[in-house]
Amino acid sequence: MKTNDLNVVIAGGGSTYTPGIVQAMISSRERFPFSSLTLYDIDEERNDDMFEIIGYMLEKEKLASEVTLFQTTEPQNAFPGADFIFSQIRVGGMKMREVDEKIPMKYGLVGQETCGLGGFSYGLRSIKGLLEIVSYVDQYAPNAWLLNYTNPETLVSEAVRRAFPDVKMLNACDMTISIEETIATNYGYDRKNWIPTYYGLNHFGWYSSIYDKSVDRDILPEILERLNQERLHVADFNAGDQTWQEAWDMLRLMTKNFPGYLPNNYLEYYLYPNRTIEHTDPSYTRANIVMDGREKNTKEMARKVREQEKGEILDFNFGEHGQYIMDMAVSILNDNHDRFMLIVPNKGAIPNLRDDAMVEVPSYVGRTGAEPISLRFAINDFHKGLMEAQNAAEKLLVDAYFEHSYQKALQAFTLNQTVYSADPAKQILDDFIEANGAYWPELN
Ligand SMILES: NC(=O)c1ccc[n+]([C@@H]2O[C@H](COP(=O)([O-])OP(=O)(O)OC[C@H]3O[C@@H](n4cnc5c(N)ncnc54)[C@H](O)[C@@H]3O)[C@@H](O)[C@H]2O)c1
Ligand SMILES: O=P(O)(O)OC[C@H]1O[C@H](O[C@H]2[C@H](O)[C@@H](O)[C@@H](O)O[C@@H]2CO)[C@H](O)[C@@H](O)[C@@H]1O
Ligand SMILES: [Mn+2]
């Protein structure tokens with residue numbers, strides 16, 4: 001494997017997260033010596049905006065002569081010669097995210113980007129787009145590592161496992177690291193000392209312990225106690241974002257009612273759909289907030305660069321998101337065996353769960369990829385029951401994708417853990433078929 005002069009491709013180059021990833025690449029350059037960066041996107045305008053912003057960042061860091069920046073909408077120009085590909089596409093963009101969120105709400109169900117039926121709608125679009133990216137990697141750069149952030153992670157990773165079982169790919173989510181960072185900054189810990197044990201499906205899991213090396217013991221009980229006593233405030237990287245404050249308040253409610261474990265905040269959509277519906281405005285959902293915020297902000301940065309405005313142009317802060325994926329790349333490159341939460345085939349990692357479930361567990365990462373840990377205990381019936389039902393729903397949805405099966409899609413929608421009846425499941429499925437059009441596979 002090449003260890004310097006690395007060629008990096010960002011698939012979904014126009015993503016609002018690209019500046020954060022590039023910032024992490026720049027600050028990790030000694031450990032991750034890259035000499036070219038290619039932005040690949042199907043949307044030329046978004047890609048060009050990002051080309052301007054990233055060009056400005058490289059210039060500012062005096063790297064413009066050391067790093068060649070490319071942009072392209074052609075896969076045959078993007079992928080050949082790549083060593084690392086970071087994937088963060090959003091098939092259908094924010095406009096379709098808005099549809100995913102609003103249709104279920106019309107029928108009184110949770111409308112969310114990755115959870116519930118909105119997540120299933122996004123899943124059927126995203127599988128198609130991500131399999132395309134993996135096929136380009138397979139065709140043009142079979143030795144490259146593909147590090148994937150594209151959502152919904154459990155669904156896309158299940159589909160890739162079936163279609164490309166041998167691709168060199170890691171599937172990651174930044175949520176656990178953001179939960180840890182938020183807790184650490186609120187309560188005065190240094191999470192660099194932590195060895196967390198966590199298990200679940202993506203956006204559907206629990207911490208069972210957090211071993212702190214500085215005190216040589218499990219500090220999860222005291223964190224749970226702190227959560228019981230004190231409000232958890234948004235950390236600076238989500239500052240001013242009311243949606244995240246609501247998420248942390250729901251996290252506290254879950255730890256109060258189901259003590260002993262720290263849940264992923266996304267479980268609120270499955271355990272308390274009534275409450276999450278109550279605090280969501282059905283005519284102005286998260287997609288609208290992001291379009292009016294992060295998306296406009298990115299456009300504005302590109303405009304300022306083009307018009308050579310003076311003063312502070314760069315304005316973004318995604319916390320550990322970029323650094324987390326960069327640290328994985330470094331761990332592969334240097335065979336570090338650092339520990340990350342990854343979405344991997346179970347194969348005994350959770351001993352009392354089916355082997356072929358895609359689960360999220362701590363994994364050590366080195367030159368040969370991910371080595372997941374195996375839990376030293378069987379998970380409890382509450383978590384197991386929730387996961388088994390949700391996992392079966394996800395499996396059925398991926399079956400529906402590959403088999404073009406309406407029946408399997410309806411079963412998946414009905415079994416989704418946010419759904420109380422097959423009636424709304426069918427109505428929502430039919431609405432989604434119409435709204436997604438050619439983004440979805442044909443279902444017969
Ligand atoms: N795994 C995680 O924890 C995590 C965290 C944050 C974001 N994400 C995911 O990252 C992705 C990007 O999020 P965003 O908010 O920046 O979205 P965005 O819409 O701003 O950016 C996505 C980009 O992908 C491009 N795109 C869409 N389909 C494509 C295709 N088939 N091929 C190439 N490019 C394509 C779009 O044109 C767009 O520029 C989403 O999937 C989001 O859910 C995941
Ligand atoms: O609603 P969005 O698009 O702002 O965020 C949805 C994503 O949320 C999680 O990632 C967060 C992260 O947890 C947060 O702390 C900060 O770093 O921003 C990230 C993106 O907003 C989640 O893990 C992703 O899967 C979601 O796509
Ligand atoms: Mn995530």
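Q: Which residues does UniProt give for the feature "domain: Glycosyl hydrolase family 4 C-terminal"?
A: The unreviewed UniProt entry places that feature at residues 198–419. UniProt positions are given in the numbering used here, feature names are shortened, and annotations may be inferred rather than shown by experiment.

Q: And what is the ground rule for the model itself?
A: This is a predicted model, where local features need pLDDT of at least 70, side-chain atom pairs count only at pLDDT 80 or more, and totals for chains, interfaces and linings use all residues. Residues are numbered from 1 along each chain as its sequence is written, chains are lettered from A and ligands numbered from 1 in the order written, and side-chain values use heavy atoms, with hydrogens and water left out.

Q: How much helix and strand is there over residues 198–419?
A: The chain there is 46% helix and 17% strand. The end C-alpha atoms are 26 Å apart. Helices (H or I, at least four residues) and strands (E, at least two) are DSSP runs, numbered from the N terminus.

Q: How many bridges join strand 1 and strand 4?
A: There are 4, linking residues 6–11 with residues 84–87 in the parallel sense. A11 stands opposite S87 of strand 4.

Q: Now ligand 1. Which residues come nearest?
A: S15, T16, D41, R46 and Y122, out of 27 residues around ligand 1. A residue counts as near if one of its heavy atoms lies within 4 Å.

Q: What polar contacts does ligand 1 make?
A: A side-chain N or O atom of T16 is 2.7 Å from an oxygen atom of ligand 1. For Y122, the side-chain distance to a ligand 1 oxygen is 2.5 Å. A polar backbone atom of A172 sits 3.1 Å from a nitrogen atom of ligand 1. A polar contact here is a pair of N or O atoms within 3.5 Å.

Q: How much of ligand 1 does the protein bury?
A: 95% of the 860 Å² that ligand 1 exposes when taken alone. Accessible areas come from the Shrake-Rupley method with a 1.4 Å probe.

Q: And which residues are closest to ligand 2?
A: Y17, R97, D174, R286 and R294, among 17 that surround ligand 2. Helix 12 gives the largest share of the shell, 3 residues.

Q: Which side chains have a polar atom by a ligand 2 oxygen?
A: S178 is one, at 3.0 Å. H203 has one at 3.1 Å, and Y266 has one at 3.1 Å. The protein buries 93% of the 530 Å² that ligand 2 exposes alone.

Q: Which residues does UniProt annotate as "active site"?
A: D174 and Y266, in an unreviewed entry. D174 lies in the loop between strand 6 and helix 7.

Methods
Two strands pair if DSSP finds at least two bridges between them. A polar contact is a pair of N or O atoms within 3.5 Å; within protein, one must be able to donate a hydrogen and the other to accept it, and residues adjacent in sequence count only if both atoms are side-chain atoms.
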